[in-house]
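Dear colleague,

Please find below the structure that I am passing on to you. My notes on it follow directly after.

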Amino acid sequence: MIVEVPGQYNPKNVEDEVREFWHREDIYHRVRRLRSGGRRFFFVDGPPYTTGRIHLGTAWNKVIKDSILRYMSMRGYELKDRAGWDMHGLPIEVKVEEHLGFRSKKDIESYGVDRFIEQCKSFALRQKDEMTEQFKSLGVWLDWENPYMTLRNEYIEAAWWTLKRAHERGLLERGLRVVNWCPRCQTAIADSEVEYWDEKDPSIYVKFPVEGEENTYIVIWTTTPWTIPANVAVAVHKDFMYSKVRAWRRDGTYEILIMATDLIENVLKQGRYVDYEILESMRGEDLLSLTYKNPLQDLVPAQRDFVHGVHLADFVTAENTGIVHIAPGHGLEDYELGLEKRLPIFCPVGEDGRYTSEAGEKYEGKYVRDANPEVVEDLIERGALLASGELVHRYGHCWRCKTPIIFIATRQWFIRISDLRDQMLQEIERVSWYPDWAGSARFKDWISNARDWCISRQRYWGIPLPIWICRSCGAMEVIGTAAELEMRTGRPVEDLHRPAVDGVKLRCSCGGQMERVPDVFDVWFDSAVASWATLNFPREENEFRVWWPADFITEGHDQTRGWFYSQLGASMVAFGRAPYKSVLMHGFTLDEQGRKMSKSIGNVVHPEDVVGRYGADTLRFYVLSSNAPWEDLHFSWEGAMNVNRMLNILWNAYRFPLPYMILDKFDISRADTSRYDLRPEDRWIISRVNSLAKDIEENMAGYMLHRVTRSLQEFILEDLSRWYIQLVRPRTWIETDDPDKLAAYATLYTVMSTLVKLLAPFTPFLAESIYQNLVRGLDPGAPESVHMCDWPGYREDLIDKRLEESMSYVREISEAAANARQKGGRKLRWPVSRIIISSDEQLDLGDLLHVLRTQTNSKDVIVLPPGEKPEMDLEISLVQKKIGPVFKGESKDVVEALKSMNPREVKRIIDSGEPIEWKGKSYRITGEMVEFMEIPPANLIPAEFSKGVVYVDVTLTDELKAEGYAREIIRRIQDMRKELDLKVDEMIRVSVALDSSEVLGLISGWKDHISSEVRATLLRMGNDLDIEGELTKDWEVDGINIRVSVARA
RNA sequence: GGGCUCGUAGCUUAGCCUGGCGGAGCGCACGGCUGAUAACCGUGAGGUCACGCGUUCGAAUCGCGUCGGGCCCA
């Protein structure tokens, strides 16, 4: 049974009902079961971090995923769709620390690592549950009951197993490396965890005294004075020119400075020198024999033993002094140069960011960034400071606690990704990237610069490194699974997190005891193994063999360096190939002006706000249609409102025929269009919906979701609502069992039932709601949910491009006619006798002339043969320049004569060569004296369309006038019915008094028509009627006063 | 500083791959319809296609450069 539906589209009701239905009937599982055994589609969900709240970007991300998965399911694919959660790492530790009021790792240790881990775990699980509900409210169908979670033992094993593979392949190494270090979190952080923003720092020029040359200095520049105690060398560029300069101070003293020749003026200005002379110039490589002393060597005892030399390096740029201060313990490039030149890796700074005893008594214990002024002071005291100032520049910060990072040399664990770089570059060629440049340009660039991956973190809440080292002999062992660990110890380990695993000791083959290294994994390593962890590999192997690698993943463009990369890296280590076959890279969500959404600007839009106002379907359709997936989305409320309006129009188009269908007991036996003689417009809309399906399939193949949704929108608004529904409406009012009406029902049914299937992946709630009523209501044998239906596809034999083209002309002509009516002041309510279509081409309007007649409210449609126009009026303009010289003084008379004549007569005379007679004289007029112009006659109002001109004949006859007035009166009575809030079938009594006998006479023949249109049992019309009724109103139509009264019968 | 990307009407955008009349929606102005009605429809105004140079018979579209936004890197 089909039922009537309420007037306006109410997304909340629709979605609540559908959600309840899905839940009650367990539709999600039934859809998945239905497709089992189909071709496989392995999707891996990029795990969102459990922050507790989804934002617009994560909503978009999941909507893209859900739409594609729903589409693939309808196409018959069996899906792997486990949702994923990224639950370890610093962000949660920081949150828990805040909650407990902790300031450092010491607080955690004294609180107890086990209790701390428990807090982190329950926090992460709680956040996950909250976010799950939010995703569900968007209609996102993933396997929410059985998601993969990085904190689960089986997941941890996937990471362990992968590390073991790295070890077996010789790709795991431990080394002293300079890393980004957060002094607050006291851990190494990944390049990708560094956030840059402007910071004000000292900018100092320092003079290093050259050994063996009196009063001579090498000048360097730095923004980190605190690294000067660790300076062990300087670097120059081999091709740059350097000079020894005698620089004079205001007081007449001088010193000899070494720096890049091009930068002398700048440096001396900084140092307020008054004059200089160049003593000697040389290339960078000529400086290599120099040695110098660290100016702070009296404070930093270790410095006295170092030999400070000059080295060549490519990273030296022609900026500042052209000579770079090298502290291998505190800089990436410095460190690499240090290794190459065998410099001491001197790092007198501890994990807490404070100087160690190696920095000497004066500095020991001081926090390095706070020590900057003191170092500067000490340099001044020793005459080593050339200049100092301040500089605002971009500086890195810990992305979680916002502390400025420092670089220090620490012992860390690495995976030698750089060894795999070339293989990775080859692998990405085999992956399909959407858009293409995401892989061929962006990702390629990132991979080309790939460095070794520092995977160790000195924290608690993470996957513990499964590395055990023997205290006696230093032997190392990597454990791959919990079972393996149990085998080695004879005891199972309940939870593979810290601190439980910390206590596990292994026996070394040398007889000594092996202890786990205390570090945990970088969280990027967690998600990196998702494609096999989600299949529970290595615990289970069958699933892995059947499904892996992933068919499809999609994430934002920030994941180029993130998950796209970490997965590829881990997979290269583990399996030597890419873990995914295709990748769709999507954009970011920004505000309407294209700015980042941020709390401080106050421009954050929450997905639940949009859902609350317009519903999940609107949000979904909006984010999909707003722009191409890979471009940034500028969220606009107005845009969302528009989508909502479009869905409302769809709702109206859907509900309009329902009352008639119900009244006529329309049933499934009458739903097949092949039973009827369809009108051309019926065949047209069926052709259009098939074209639409074809278009969607083509665009889905390239994940062009914006094109798909825009095609749907265009079809709903233009083809269905604005055109077909208008055409079909009068047919539904026929009150008999007319085959033409039944054909219209069958067509509407076919179109709507196809359309909801096409919409199902994108607006799953609305599609389901319409499907349940219209399709299931009619055919209880149909699949129980629209999402269990097969994708409708398209039938090429039902696509009639010729008909579609004809209809597009018909629409154009109708619009042009409406335009002409407006110019001619003739409302659409008033019929016209004819419209005339003139074109240079043979227009193929098919059998659609009846459509044109009704849509233009015209009694006749005349299509002229190609190139012909209606007969035009002629207008003349006189060419005085030609007339003057011929007729001289009589010109005035000639002009007068010509103007008084009918232009047609003038043309006839010229063509025939006869003279004209005027005031007794005759004149011979030639063609050049007169120009003729054709203009349409006053009754034909022209309007252009793409293939020609439409003329609307606005000539009024009494007949047309009568019909026009009748319709004016009908309309006003209908208006009053509305005002009285009458039921559609309620009968009335009407009196109409009007002050024009002429009009009264005209409309008398329309009395019956008016009565039946407005459902009047009694209709009185007259010049001077006594008017009474429940409602009386005065109207004016074209200068005629009409008084109407209406009463219930 | 480097890689990628975007820049089209007041706003949001299509078109760019594959060169040939710049097309929508919103907003604005005017109008229509009244059996979708707190709905719907039409018409109009509104454009230096960021800027410059080049290729071409022809450039929003292809190439180079500049400026501005975004992401990533240094």
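Helices (H or I, at least four residues) and strands (E, at least two) are DSSP runs, numbered from the N terminus. The model is predicted: local features need pLDDT of at least 70 and side-chain atom pairs count only at pLDDT 80 or more, whereas totals for chains, interfaces and linings use all residues. Residues are numbered from 1 along each chain as its sequence is written, chains are lettered from A and ligands numbered from 1 in the order in which they are written, and side-chain values use heavy atoms, with hydrogens and water left out.

I begin with RNA strand B. A residue is near a molecule or strand if one of its heavy atoms lies within 4 Å of it. There are 37 residues around RNA strand B, and those that come nearest are Arg442, Arg561, Arg655, Arg722 and Arg729. Of the atoms of RNA strand B that come within 4 Å of the protein, 76% belong to sugar and phosphate.

The surface near RNA strand B draws at least two residues from each of helix 12 (436-448), helix 20 (637-655), helix 23 (705-733), helix 26 (801-824) and helix 31 (958-979). Helix 23 gives the most, with seven residues. By class, this surface holds 21 charged, nine polar and seven nonpolar residues; Ala, Val, Leu, Ile, Met, Phe, Trp, Tyr, Cys and Pro count as nonpolar, Asp, Glu, Lys and Arg as charged, and the others, Gly among them, as polar.

A polar side-chain atom of Arg442 is 2.5 Å from a base oxygen of RNA strand B. For Asp632, a polar side-chain atom lies 2.7 Å from a sugar or linking oxygen of RNA strand B, and for Asn652 the distance from such an oxygen is 3.2 Å.

Elsewhere, Leu843 is found in the loop between strand 30 (834-839) and helix 27 (849-856). Leu843 is buried, with a relative accessible area of 10%; buried means under 20%, exposed over 50%, and partly exposed in between (1.4 Å probe, protein chains only). Neighbours within four places in sequence aside, Leu843 is in contact (heavy atoms within 4.5 Å) with Tyr809, Ile813, Ile837, Phe945 and Lys947.

Glu377, in helix 10 (residues 368-381), is partly exposed, with a relative accessible area of 44%.

With kind regards

Note on methods: Polar contact = N/O pair within 3.5 Å; in protein donor to acceptor, adjacent residues only side chain to side chain.
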